Each structure stands twice: as C-alpha cells, then as structure tokens.
Amino acid sequence: MEKFLGLYAPFIVLIGSIFVAFWIGPKDRAVSREQKE
C-alpha cells in the first residue's frame, strides 16, 4: 500500500491540480467577464 501511494501519489496530485484548474478556471473567467459587462 505504501509503495502504491509512493508510486501514484505524484500522478494523483498532478491530475487533481489539472482537474481543479479546468474546473475553477472557466468559472473565474466567466465571473471576470460578468464584472466587466
């Protein structure tokens, strides 16, 4: 189990941060667009 976590933890963190960036990014842009208009 520890080996599994050590092997896959970096990938999980990387995929998680990409997922969060894609999930939150568009919302942030939509909000800033609404504020400009």
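Good morning, colleagues. The secondary structure of this chain amounts to 1 helix and 0 strands. Please bear in mind that we are looking at a predicted model. The helix, α1, spans residues 2–36.

Let me turn to burial. Of the 37 residues in the chain, 3% are buried. The chain exposes about 3800 Å², and 70% of that area is supplied by carbon and sulfur atoms.

My next topic is the aromatic side chains. How many aromatic pairs does a search of the whole structure find? The search returns 1. The partners are Phe-19 and Trp-23, whose rings are stacked, with 6.3 Å from centre to centre and 15 degrees between the planes. The angle counts as stacked because planes under 30 degrees apart are placed in that class.

How are the two partners placed along the helix? Phe-19 and Trp-23 are 4 residues apart in helix α1, so about one helical turn separates them.

Are these two residues buried or exposed? Phe-19 has 56% relative accessibility and therefore counts as exposed. Trp-23, at 52%, also counts as exposed.

Thank you for your attention.

Note on methods:
Residues numbered from 1 in each chain as written. Predicted model: local features only at pLDDT ≥ 70, side-chain atom pairs only at ≥ 80, totals over all residues. Heavy atoms only, no water. Helix = DSSP H or I, 4+ residues; strand = E, 2+ residues; numbered from the N terminus. Phe/Tyr/Trp six-rings, centres within 6.5 Å; stacked < 30°, edge-to-face > 60°. Buried < 20%, exposed > 50% of the residue type's maximum accessible area, 1.4 Å probe, protein only. Areas by Shrake-Rupley, 256 points an atom, 1.4 Å probe, with all protein chains shown as cover.
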